[in-house]
Amino acid sequence: MPVKPLPDDAVDGTAPGARSTHEGILRRQSARESAARTYARALPIVPVRARGLTIEGADGRRYLDCLSGAGTLALGHNHPVVLDAIRKVLDSGAPLNVLDLATPVKDAFVTELFHTLPPGLTDRARVLFCGPAGSDAMETACELVRAATGRTGLIAFTGAGHARAPGSLEASAGALDQVVRLPYPQDYRCPFGVGGERGAGLAARWTESVLDDPGSGWPHPAGVIVEPVPGEGGVIPAPDAWLRRMRQLTADRSVPLIVDEIETGVGRTGAFWAVEHSGVTPDVMVLSKAIGGSLPLAVVVYRDDLDAWEPGAHAGSFRGNQLAMAAGTATLAHVRENRLADRAATLGARMLDQLQELAGEFPCVGEVRGRGLMIGVELVDPEAEPGAGRVAGAAGDGDGDPPVTADSVRRPHPAAPDLAADVQRECLRRGLIVGLGGRRTSVVRLLPPLTISDEQAAAVLDRLADAVRAAARCRQVVRQQRRSRE
């Protein structure tokens, strides 16, 4: 059945009986589904129709969706080019799953994918279709470099969120073995308390020491895994100079550099692949989410000299999803031909500038950050005792840098996950769907589709600002009441 067109603006409109249908579905979900469900807990909606940025729930309410399927919807919901591509495959009578056999649909996808790869990788690239999720692709990439190098250890960085499978979780925050997790450079909560270029330089030096020091306790790794912008980690763009340093360190030591583009790829950050901001060519790229045009698809792209596997060394029953490949081809081509990455860069920079006003208006907004249309707003408790932070004004990475002293440190306030949850709820009340991330889930995340209009972006920012205002005001009232009782 064709999807009924929806207006672009989000409005309320509860039809007779719609509320009971909505509540009944949610009640049955709660009774039947696993306690592991996540988004459904924070976002108690029942989507029934969608187009572009807009979702309509079973209760008749309409929402602006800035979650975008956790980044899977580069073109938003039910984009015409995606639907047309899917219909063509369905109408053609082609098989829908062919394992790893060659098909015209797969050939078109790989050709389009290779058109987009970073310079320096295309001519030497091999592509492996694996299981359909990003976790499958990350686990495959880890197996790849271990097979190619004969080594087992991996280096990842703090706050990493490399998908959600046992093998890939080894490289994620919270893993217990096989992976060494090194400090990830960031300014606001710098692990060294200095921030800026100096903090990034110290992080690079630590990585170099682990790679070169036989007494570090870690053997030479099979690979180094980097997210150009850790999304689940709190939307913290990697400094370009640091990423180039990682590329140099790994290349000089014959350690494959694996770049996780599961969430950052297909124009999201203002470049087709986020690694392109730094001019780095990785040895391995892990891709999923948006490359399937909203359908499950994941691949690993890697340098040909790493292709050391024997036939059948890696397999999977759902490697041949033809509908996802067709939808992915249409999405990749549309983003490339319409320069949507450039659009994301321009609009994202404008949204970040406007969101900076929130930090000036509300002490509970610790930092606004992001790249392109991958944006995060970290919420803090301005009345709590400040914690570890960065040195005010620290910069550079030379021997002449000023010493770090207690008086020179500007300490950010602690993260406020409860406040972030309040903001998410207030956003939903106003017809705006947002995600949360960061180490303590204190970062409100915006991942709108690349097709978002200027008018829609303005509506998103207005609703978010109003939600922050309401949540901050409510929290202030609660604290005043508590003080009056004391």
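On a 1 Å grid over the protein atoms alone, a cavity is a set of points where a 1.4 Å probe fits but cannot get out, while a pocket is an open set with protein on both sides within 12 Å along at least five of seven lines; a residue belongs to a lining if one of its atoms is within 4 Å of a point. Points are joined across faces, edges and corners, and the space filled by probe spheres set on them is the volume.

Before you start clicking: this is a predicted model, where local features need pLDDT of at least 70, side-chain atom pairs count only at pLDDT 80 or more, and totals for chains, interfaces and linings use all residues. Residues are numbered from 1 along each chain as its sequence is written, and side-chain values use heavy atoms, with hydrogens and water left out.

**Stop 1: the largest cavity**

The model holds five cavities of 30 Å³ or more. For the largest, at about 70 Å³, select Tyr39, Cys66, Leu67, Ala70, Glu232, Glu263, Gly435, Leu436, Arg445 and Leu447, which line it. Colour them by class (Ala, Val, Leu, Ile, Met, Phe, Trp, Tyr, Cys and Pro are nonpolar; Asp, Glu, Lys and Arg are charged; the others, Gly among them, are polar). You'll get six nonpolar, one polar and three charged residues.

**Stop 2: Ala70**

Is Ala70 buried or exposed? It is buried, because its relative accessible area is 13% (buried is under 20%, exposed over 50%, partly exposed in between, with a 1.4 Å probe and protein chains only).

**Stop 3: the largest pocket**

Ala70 turns up here too: along with Thr38, Tyr39, Glu232 and Lys289, Ala70 lies nearest the centre of the largest pocket, which is lined by 43 residues. Elements giving two or more residues to this lining are α1 (18-32), α2 (39-42), α3 (68-71), α6 (134-149) and β16 (435-437). The top contributor is α2, with four residues. The pocket's volume is about 1100 Å³, and its lining splits into 21 nonpolar, 14 polar and eight charged residues.

**Stop 4: the second largest pocket**

Next, select Pro185, Gly196, Glu197, Ala200 and Pro239, which lie nearest the centre of the second largest pocket, out of 21 lining residues. Two or more residues each come from α8 (196-212), α9 (240-252) and β11 (365-371). With six residues, α8 has the largest share. The space here is about 420 Å³, lined by nine nonpolar, six polar and six charged residues.

**Stop 5: a helix crossing**

Show helix α4 (residues 80-92) and helix α10 (residues 322-337): their axes come within 8 Å and cross at roughly 145° (axes are lines fitted to C-alpha atoms over the stretch in contact, with angles from 0 to 180 degrees between N-to-C directions). Val81, Val82, Ala85, Ile86, Val89 and Leu90 of α4 meet Leu323, Ala326, Ala327, Ala330, Thr331 and His334 of α10, where contact means heavy atoms within 4.5 Å.

Finish on His334 in α10. His334 counts as buried because its relative accessibility is 18%. Leaving aside neighbours within four places in sequence, His334 touches Leu75, His79, Val81 and Leu340.
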